Amino acid sequence: MPSNESKLTVVGAGLVGSLLSLYLARRGHTVEVLERRPDMRRETLDAGRSINLAISTRGLHALRQVGLEEEALKHAIPMRGRVIHPVKGELAYQPYGKDDSQHINSLSRGWLNQFLMTRAEETGRVSIRFRQRVTQADVAAGTLTVLDEATGQTREVRDTVVFGTDGSGSAVRQALQPQATQEPLGHGYKELTIPPGPGGSFQMEKHALHIWPRGSFMLIALPNEDGSFTCTLFLPWKGPLSFATLETPAALEAFFQEQFPDAKALIPGLVEEFFARPTGHMVTVKCAPWREGGRALLLGDAAHAMVPFYGQGMNCGFEDCVVLDSLLAGQQDWEEAFRSFEALRKTNADAIADMAVENFIEMRDSTGDPRFLLEKGVEKVLLNAFPGEFVSRYSLVSFSRVPYRLAYEVGAIAGGIVSELSQGLKRPEDVDLDAAAKLIRGRLTPFMKEHADGFRPEG
Ligand SMILES: Cc1cc2nc3c(=O)[nH]c(=O)nc-3n(C[C@H](O)[C@H](O)[C@H](O)COP(=O)(O)OP(=O)(O)OC[C@H]3O[C@@H](n4cnc5c(N)ncnc54)[C@H](O)[C@@H]3O)c2cc1C
């Protein structure tokens, strides 16, 4: 394991930086974390907005390794499937997994971040310094220039190993000057609230992720502990139906009345929230290298920001912590550990970033399509009829720790099989299981055998 004498600085006390500092502390290191924002445990940021995210198997595993899963799950709401809201007509339900044991979980982002910071500090080895913005980094020399936003003074942190967990606009990444591509999505997002009903009740199905798929745009909603839902509207920046055209309260209300009438009835603060809140950007960042010798390493969104449509950005960042930790346990020095980390993670981060973009198209275009619903039904029949033999991309990504790259490749084969078996079918339960067995054993099983080693989790 690298020496505990090294001075370690984590830049960014977001979700990944906070968890990483905890992992490093458990290996006996002393860690200073520099965070540009104020301490959210003492000052209310974002006007107290309740924003949630989905945590699944990879993220939960990372919390379990440091003894935090159980407590986190006490605050989480299991989401067992998607509820699809058409403009008119009945709601449709698609389970996420082969049964209810396979679900994703809605968790408050703010609560999780605060929880991780507190648990990291409780190790006695982590000190988080707030309002400390890293403005420049000389990673080869191990020097950071830090602006104290409270006093306006600048200082230098010298001779340190730097962990860049400062998010998609990372200052540490800029200092590394990697070959980077940043692909902004042509869509932005806006968060809105469905408040709790009487007595803190949920006004829609509690244990589901709600989707209003509308082709080039969509609305989603995830449940919160207090009975409310956080909705996110994903809409193009420009064009006939876009943020650019929703400039007045009347235009906004007409748009919601036409596209999301059931949601509109549940969002009393629609106009106020929409015009008061910033519109968020989404970007895919692919870059290399992620490191500079044994001096600096990027993790989380700083290394691999992705669009949020697979609900994996944080899960992937948490998995980064697990993988790095297991490498550090293997007696490697920093340089060797950082090199192995990039070799293992880069290809997988690229794969999930690509799947996230593909899932956007699936969510907004296909979830309301009867053929898509039929194929999802067939997929579920096969998952139950051929346990261990048939696997789907969604289940590998969300309910396993199989490396993302393999999930991508296996998913493509499995998806082809489902499509073929769904041809001319009316109901999922009528799927021809003999034909399915032949296809699975002819195509999927050989691939899985050939890559059996790769199915082991990385960390
Ligand atoms: C709308 C939306 C929904 C999402 N839903 C999900 C989901 O359901 N599931 C999921 O797994 N992921 C989801 N994600 C992705 C997830 O939010 C990110 O992957 C995750 O926050 C990455 O964590 P991070 O710590 O790497 O970066 P961040 O959370 O961005 O944290 C970076 C931290 O660094 C600090 N910082 C930045 N610059 C500096 C600097 N120069 N000096 C000091 N500090 C600095 C910031 O203040 C921040 O605290 C979603 C993202 C979006 C936009």
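In this predicted model, the buried residues of helix H12 are Phe 372, Leu 374, Glu 375, Lys 376, Gly 377, Val 378, Glu 379, Leu 382 and Leu 383. Helix H12 covers residues 370-385, 16 residues in total. Its first and last C-alpha atoms are 22 Å apart, close to the 22 Å expected at 1.5 Å a residue.

**Helix H1**

- Helix H1 spans residues 15-26 and is mostly covered, with eleven of its twelve residues buried.
- The buried residues of H1 are Leu 15, Val 16, Gly 17, Ser 18, Leu 19, Leu 20, Ser 21, Leu 22, Tyr 23, Leu 24 and Ala 25.
- The end C-alpha atoms of H1 are 17 Å apart, which agrees with the 16 Å that twelve residues should span at 1.5 Å a residue.
- After H1 comes Gly 28, which has a positive phi, near 95°.

**Ligand surroundings**

- There are 28 residues around the ligand, and those that come nearest are Glu 35, Arg 37, Ala 54, Arg 109 and Asp 301.
- By residue class, the shell around the ligand holds eleven nonpolar, ten polar and seven charged residues.
- At least two residues of this shell come from each of helix H1, strand S3 (52-55), strand S9 (132-138) and helix H10 (313-329).
- An oxygen atom of the ligand lies 2.9 Å from a backbone N or O atom of Val 16, a residue that is also buried in H1.
- For Arg 36, a polar backbone atom is 3.2 Å from a nitrogen atom of the ligand.
- A nitrogen atom of the ligand also lies 3.4 Å from a backbone N or O atom of Gly 313.
- The ligand taken alone exposes 1000 Å², of which the protein buries 87%.

**Six-stranded sheet**

- Six strands form an open sheet with mixed pairing, in the order S8-S2-S1-S12-S19-S18.
- Strand S8 (126-129) and strand S18 (291-292) are the edge strands, each pairing on one side only.
- Two bridges join S18 to strand S19 (residues 296-298) in the antiparallel sense.
- Glu 292 has Ala 296 of S19 as its bridge partner.
- Strands of a sheet pair through backbone hydrogen bonds, either parallel or antiparallel.

**Strand S7 and its partners**

- Strand S7 (residues 104-108) is largely enclosed by the rest of the structure, because four of its five residues are buried.
- S3 and S7 run antiparallel and are joined by four bridges; Leu 53 stands opposite Leu 107 in S7.
- S7 also pairs in the antiparallel sense with strand S4 (residues 77-79), over three bridges.
- In that pairing, Met 79 stands opposite Ile 104 in S7.

- Glu 121 belongs to helix H4 (residues 109-122).
- With a relative accessible area of 28%, Glu 121 is partly exposed, as it falls between the 20% limit for buried and the 50% limit for exposed residues.
- Glu 121 and His 61 are 60 residues apart in sequence, and their C-alpha atoms are 21 Å apart in space.
- Gly 459 is located in the segment after helix H15 (433-450).
- Gly 459 counts as partly exposed because its relative accessibility is 38%.
- Along the chain, Gly 459 and Cys 321 are 138 residues apart, while 8.8 Å separates their C-alpha atoms.

Definitions and conventions
Residues are numbered from 1 along each chain as its sequence is written. This is a predicted model: local features need pLDDT of at least 70, side-chain atom pairs count only at pLDDT 80 or more; totals for chains, interfaces and linings use all residues. Side-chain values use heavy atoms; hydrogens and water are left out. A residue is near a molecule or strand if one of its heavy atoms lies within 4 Å of it. A polar contact is a pair of N or O atoms within 3.5 Å; within protein, one must be able to donate a hydrogen and the other to accept it, and residues adjacent in sequence count only if both atoms are side-chain atoms. Accessible areas come from the Shrake-Rupley method with a 1.4 Å probe; for residues, only the protein chains shown count as cover. Ala, Val, Leu, Ile, Met, Phe, Trp, Tyr, Cys and Pro count as nonpolar, Asp, Glu, Lys and Arg as charged, and the others, Gly among them, as polar. Two strands pair if DSSP finds at least two bridges between them. The expected span of a helix is 1.5 Å times one less than its number of residues. Buried means under 20% relative accessible area, exposed over 50%, partly exposed in between (1.4 Å probe, protein chains only).
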